[in-house]
Each structure stands twice: as structure tokens, then as C-alpha cells.
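Hi,

Here is the model I promised to pass on.

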Amino acid sequence: MKKIALSLLTVSLLAGFCAGLAGCDIGTSSRSEIKIGGKTMGTFYNITVIGDYPGGQDQLRHEAEEVLDSINKEISFFDRNSELSRFNQHRSTEPFKVSQDVADVVIASIRAGQELHGAVDVTVGPLVNLWGFGHVKPETLPPVPDDNAINAARKRVGLDKLHVIVGYNSAQLKKDNPQLEVDLSTVGEGFGADKLAELMDRRGIQNYMVSVAGAIRTKGLNSRGKDWVVAIEHPTTEQAVGQRLEIPVCTKGQAISTSGSYRNYKIDEKTGTRLSHIIDPATGKPITHHTVSITVVGPTALWTDAIDTGLMVMGSDEALRYANERSMAIYTIVKEGNEFKSHYSKAMQQYLVCD
Ligand code: FAD
């Protein structure tokens with residue numbers, strides 16, 4: 001996860017492996033495991049496999065990094081030569097040929113955006129850049145953009161301007177505005193975790209946990225024959241630096257990811273307002289409410305990674321109402337006065353009690 005600023009006083013939520021966390025069932029491993037980790041997508045990945053991997057640890061690393069490298073070549077916003085960057089540089093409304101992977105991730109992102117009434121929008125890049133959270137160097141921008149600049153950027157934003165044309169053996173992306181760009185940063189880590197999970201499934205691995213940054217996929221059981229547990233950390237009060245609760249989430253073979261506004265933000269020096277890297281596409285501005293993080297549990301990491309961002313735009317109250325109406329499992333942390341309070345949807349309860 002990239003950090004513009006990290007305050008010790010802000011909530012820190014880390015979704016990680018259970019080992020060493022309070023509340024987890026820690027014991028001696030009864031089954032052998034292979035663990036690897038490394039860098040990808042400007043962040044990190046981790047894989048734990050229970051039992052053997054065909055060809056062993058080196059082969060696991062080789063195959064996992066091949067999968068991740070290929071995702072970078074497809075959807076990286078940071079690599080000017082990736083398929084996605086080439087589509088972004090294609091200043092034309094003519095269809096642009098892409099791989100099935102790129103088409104799949106864009107289709108899933110558009111669906112998530114439609115489900116959340118535009119709160120998650122992968123065309124929001126011009127606004128992300130304008131507020132200094134994108135690939136445009138922040139020092140070249142005014143600290144807070146004016147309304148004219150925001151309105152001009154909004155003309156280049158909108159899921160209704162982006163189309164995926166899927167034919168027999170071919171896929172194309174098309175934009176209605178030649179200036180439109182697609183930024184898959186918010187779903188890329190989830191897509192990566194899903195692709196690692198697919199690799200494990202292809203290799204016949206029954207018990208694993210894979211993650212790219214905070215996007216996690218699990219299957220089967222851990223080395224102690226128990227459900228995989230992921231920890232949500234949150235602080236007790238703003239004064240209690242370093243004192244954090246750790247909430248164990250029993251994943252039950254599901255994907256889990258978190259969106260937070262506590263790591264990546266900047267301060268508007270004029271007003272003292274905290275400007276989050278999460279932009280509300282409806283206003284063209286960073287979110288300003290007091291929801292500090294939302295964790296989502298669901299079937300795929302791409303889906304949870306897209307939904308958590310959209311729910312962050314909505315804020316905790318609206319997100320909980322939305323989730324309860326759809327039996328969606330979410331956990332929110334909100335700064336209320338000087339304290340951090342947690343709330344969760346009905347469907348989340350089952351993941352907070354481990355077998
Ligand atoms: P999340 O909290 O999940 O999403 C927030 C991000 O999504 C914002 O930063 C913004 O870009 C975008 N966004 C904001 N509001 C919205 C909204 N309403 N709807 C949709 N999107 C929104 N970083 C590097 O520094 N170097 C690299 O080489 C690099 N390579 C990458 C390669 C790939 C394939 C991907 C997917 C990302 C790469 N990144 C790289 C980016 C980085 O690692 C993170 O993915 C990125 O910073 C967002 O992660 P996050 O968890 O903070 O975002």
C-alpha cells in the first residue's frame with residue numbers, strides 16, 4: 001500500500017496471517033507448510049501453502065511471480081507500456097484490442113460500479129491525479145484544486161463512457177471520450193490475489209492463503225487444521241498510540257479485503273481538513289466523513305476489493321444499511337469523537353466466531 005503520509009495516531013488496519021496475533025488459535029504446526037513472499041505492484045505478496053507444491057518452493061515462487069508479472073504487463077497504470085496504459089494513451093473513440101484478462105477485470109469493475117451507483121468508478125483517474133494521489137507529481141499541482149479544474153476533470157470521468165466489446169476469441173475496450181482513462185489501482189490487488197488462487201487451484205493445492213497487500217484469498221485449513229484467520233487491527237483511542245485491538249476474522253474459505261482512509265491522505269493546510277486518496281465520483285472531491293476503514297468478506301478478492309472502496313465512499317452508516325439489505329459481510333471502523341468504534345453487518349457475524 002502506498003503511503004502519502006502515515007500518522008501514528010491514526011487507525012492502522014493490517015490484514016495479515018494469524019501467527020502472532022491476539023485472539024488467534026496459535027499452536028505448533030502439525031502439517032508442513034511452504035511460505036513465500038515478495039514485491040509486486042508497488043506493494044507485496046504472500047503465499048502460504050499447506051503440504052507440498054509440485055516442484056517445491058522455488059517452483060512456487062517462479063510460477064507466482066510469472067502470474068504477477070503478467071498482471072503488471074496487463075493492467076499497471078504505472079507501466080507506460082502495459083495494455084491498460086496503451087488503452088489510456090489511445091486518444092480515440094475507436095475500439096482498442098485487449099486480452100481477455102483486461103476485459104474481465106474491466107467488466108467486473110464496471111459491474112461493481114453499477115451495483116454501488118457509481119461510488120466505485122475506475123475512470124476516476126483524472127480526479128485522483130488532480131488531488132495529487134495519482135501518477136502526476138503532487139508538487140506540480142495546487143494543494144487544493146479549484147472548482148473549474150474539478151469540473152473539467154469530471155468531464156473525462158464516468159463508467160457510462162467506457163464499454164467492453166467481447167466477441168468470439170477477442171475483446172476490445174472503447175471510450176466515448178478520447179480523454180477517458182482507466183485506473184484499476186483499486187481492484188488490481190484483488191485481481192492479483194484471485195489469479196494466485198487460480199494458480200493454486202490449477203496445481204491441485206487444497207489448503208492455502210494468498211495475498212497481494214490487503215487483498216486475501218483462502219482455501220481449506222491452515223497448518224493446525226483450523227480455519228484461516230485474518231486480523232483486523234484497530235486502535236482503542238487516539239491517545240493510545242500502539243494499543244490496538246486485533247479482531248480475528250475466520251475466513252471460511254472466502255476472500256477478504258479492506259479499504260482505509262488512514263494511510264494515504266494529505267492535509268489541506270488552509271482548513272486543516274484531511275484529504276483522503278479515495279475520491280467521491282459524485283462530488284469529484286476526497287471523502288471527508290469519519291469512516292476510517294471498511295473490510296469486506298466475499299467470494300472473490302476482485303469483488304471485495306472493488307466493493308470496499310465504493311462502501312468507503314458511502315461511509316459506515318450507508319454502507320451498513322446497503323450491506324444488510326444484501327446480506328453482505330462488512331466490518332467498519334469509525335472515528336467517533338476521540339475513539340474508534342467498530343460496527344458490522346449481520347452477515348459478518350459468522351466470520352467473527354471461529355469454529
Ligand atoms: P484502494 O484503497 O483499494 O483504492 C484507492 C485507489 O483507487 C486510489 O489511490 C485511486 O487510485 C483509486 N480511487 C480513488 N477513489 C476511487 C473510486 N471512488 N473508485 C475507484 N477508484 C478510486 N504503485 C507504485 O507506487 N509503483 C508501482 O510500480 C505500482 N504498480 C502497480 C501495478 C498494478 C498492476 C497495480 C494494480 C497497482 C500498482 N501500484 C503501483 C499501485 C499500488 O500498489 C496500489 O494498488 C495503489 O496505490 C492503490 O492501493 P490501495 O490499497 O491504497 O487502494
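Which helices and strands each supply at least two residues of the lining of the largest pocket? They are α1, α6, β10 and α7. Helices (H or I, at least four residues) and strands (E, at least two) are DSSP runs numbered from the N terminus.

Before the rest, some housekeeping. This is a predicted model, where local features need pLDDT of at least 70 and side-chain atom pairs count only at pLDDT 80 or more, while totals for chains, interfaces and linings use all residues. Residues are numbered from 1 along each chain as its sequence is written, and side-chain values use heavy atoms, with hydrogens and water left out.

Back to that pocket. Its space comes to about 930 Å³, a volume being the space filled by probe spheres set on grid points, which are joined across faces, edges and corners. (A pocket is an open set of points on a 1 Å grid over the protein atoms alone, where a 1.4 Å probe fits, with protein on both sides within 12 Å along at least five of seven lines; lining residues have an atom within 4 Å of a point.) Of the 40 lining residues, Asp-183, Ser-185, Thr-186, Glu-189 and His-277 lie nearest the centre. The lining splits into 18 nonpolar, 16 polar and six charged residues. Here Ala, Val, Leu, Ile, Met, Phe, Trp, Tyr, Cys and Pro count as nonpolar, Asp, Glu, Lys and Arg as charged, and the others, Gly among them, as polar.

Now the two helices α1 and α6. Helix α1 (residues 56-75) packs against α6 (residues 185-202) at about 145 degrees, with the axes 10 Å apart. Axes are lines fitted to C-alpha atoms, for helices over the stretch in contact, and angles run from 0 to 180 degrees between N-to-C directions. Among the residues that meet are Leu-60, Val-67 and Ile-71 in α1 and Phe-191, Leu-196 and Leu-199 in α6; contact means heavy atoms within 4.5 Å. This contact has 10 nonpolar, two polar and three charged residues.

Then there's the open sheet: eight strands in the order β1-β2-β6-β7-β10-β15-β16-β17, with antiparallel pairing. Strands pair if DSSP finds at least two bridges between them. At the edges sit β1 (33-40) and β17 (339-344), each pairing on one side only. β10 (residues 255-260) and β15 (residues 291-298) share six bridges, with Ser-259 partnered by Ile-294 in β15. Helix α7 (residues 301-314) packs on the sheet and touches β7, β10, β15 and β16.

Cheers
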